[in-house]
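Here is a short briefing for a first look. Keep the sequence and the model side by side as you read.

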Amino acid sequence: MKLAEQRGMATVYEPAEDSRLLATAAIDRIDGGRVLEVGVGSGYVADRIAAETPADVVGCDINPEACRRTRSAGIEAVRSDLTHAFLADSFDAVVFNPPYLPTPPEEEWDDPLEYALSGGEDGRRVIRPFLSDLGRVLRPSGRAYLLVSTLTDVDAVVELADEAGLGAEAVDEASFPFERLVVLEITHANR
Amino acid sequence: MKETLLDILCCPLDKAELELEVIREDDDEILEGRLVCTECGEVYPIEDGIPNLLPPDMREEATA
């Protein structure tokens, strides 16, 4: 039994303001096709996209408990590391609310919920490999919706997208006491 | 998982297509089975309707 289970702690990230902002931004812009939510967690965003758009939604997560919850919500679930288990040109849209809180190494602790929150020292530990594989699975006209925080440095994320041959533009945002959350719409740069 | 999911899945190691071996299924989906890479032969389990496509070195949980 894992430590988190013994303590009766949550092992899946529960939907919060960031999830709701991302869901709304995605629903307003997705009009069908096949959609992947990366790091699907509780299944909240995937479930809303499935309910409020005509899209076919698949969720993936590295956490087995998140996969089980997503499947229980009636969403197709795949256990995978980011987009690495999906064929090229598979998706019209990809949605991701990544772990983004900058976390010094000495404060990292090893349980599934921490993994769902921490973005490493600069907050971009998971965003970096996500952006480097995103262009492969996104169809030529595909779009991705990535939630980022000012704590994670939005400009640095836009630069990472650029390095991966992708264009990124803020399409929605919301301000909170300690951060501003931004939804970036990411496309192939040549579009 | 539904069989149509196979259209978008690949081996995380070499991106080759996967072959489905069904162990148990119901009317609309595969509940238990295996996905075998057509290139490297790596086997990925499907358990309780969920395919586990983590590369072998990341599968910390028992796959039984």
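**Salt bridges within chain A**

In this predicted model, the side chains of A:Asp133 and A:Arg136 form a salt bridge, at 2.7 Å from N to O. Both residues belong to helix H6 of chain A. They sit 3 residues apart, about one turn of the helix.

- A:Asp133 is buried, with a relative accessible area of 10%.
- A:Arg136 counts as partly exposed, at 23% relative accessibility.
- A:Arg180 and A:Glu173 also meet through their side chains in a salt bridge, with 3.2 Å from N to O.
- A:Arg180 is partly exposed at 31% relative accessibility, and A:Glu173 is partly exposed at 45%.
- A:Asp122, A:Arg124 and A:Arg128 are joined into one network by salt bridges that share partners.

**Between the chains**

- How many residues of each chain are in contact across the boundary? Chain B contributes 25 residues and chain A contributes 21.
- The size of an interface is often given as the accessible area lost when the parts come together.
- For chain B and chain A, the buried area is about 1,900 Å². Carbon and sulfur atoms give 58% of that area.
- The rule finds 1 salt bridge across this interface.
- The side chains of B:Glu29 and A:Arg71 meet in a salt bridge, at 3.0 Å from N to O.
- On the side of chain B that touches chain A, 14 residues are nonpolar, 3 are polar and 8 are charged.
- Between the two chains, 8 residue pairs are in polar contact, with both residues at pLDDT 80 or more.
- Over all chains, the salt bridge count comes to 13.
- B:Glu29 lies in the loop between strands S1 (18-25) and S2 (30-37) of chain B, and A:Arg71 lies in helix H4 of chain A, so this pair joins two chains.
- B:Glu29 counts as buried, at 14% relative accessibility. A:Arg71 is partly exposed, at 25%.

**Nonpolar cores**

- The largest nonpolar core holds 44 residues. A:Phe86, A:Val94, A:Leu131 and B:Leu35 touch the most other members.
- Which element gives the most to this core? Helix H6 (residues 127-137) of chain A does, with 5 residues.
- A second, separate core has 22 residues, including A:Val40, A:Val45, A:Ile49 and A:Ile75.
- Leaving out residues up to four places away in sequence, A:Phe86 has neighbors in both chains. Among them are A:Leu36, A:Val58, A:Phe91 and A:Arg136 from chain A, and B:Ile8, B:Leu9 and B:Cys10 from chain B.

**A buried threonine**

- A:Thr70 is placed in helix H4 (residues 64-72) of chain A.
- Is A:Thr70 buried or exposed? A:Thr70 is buried, with a relative accessible area of 0%.
- Residues that A:Thr70 touches include A:Val40, A:Ser42, A:Ile75 and A:Ala77, with residues up to four places away in sequence not counted.
- A:Glu163 is 93 residues from A:Thr70 in sequence and 32 Å away in space, C-alpha to C-alpha.

- Most residues other than glycine have a negative phi.
- A:Asp89 is not a glycine, yet has a positive phi of about 55°.
- A:Asp89 lies in the loop between strands S3 (76-79) and S4 (91-96) of chain A. A:Asp89 is partly exposed, with a relative accessible area of 44%.
- B:Asp48 also has a positive phi, near 50°. B:Asp48 is found in the loop between strands S3 (43-47) and S4 (50-51) of chain B.

Key
Residues numbered from 1 in each chain as written. Chains lettered and ligands numbered in written order. Predicted model: local features only at pLDDT ≥ 70, side-chain atom pairs only at ≥ 80, totals over all residues. Heavy atoms only, no water. Core = buried A, V, L, I, M, F, W, Y, C linked by side-chain atoms within 4.5 Å. Buried < 20%, exposed > 50% of the residue type's maximum accessible area, 1.4 Å probe, protein only. Helix = DSSP H or I, 4+ residues; strand = E, 2+ residues; numbered from the N terminus. Contact = heavy atoms within 4.5 Å. Buried area = accessible area lost by both parts, 1.4 Å probe. Salt bridge = Lys/Arg side-chain N within 4 Å of Asp/Glu carboxyl O. Polar contact = N/O pair within 3.5 Å; in protein donor to acceptor, adjacent residues only side chain to side chain. Nonpolar A, V, L, I, M, F, W, Y, C, P; charged D, E, K, R; others polar.
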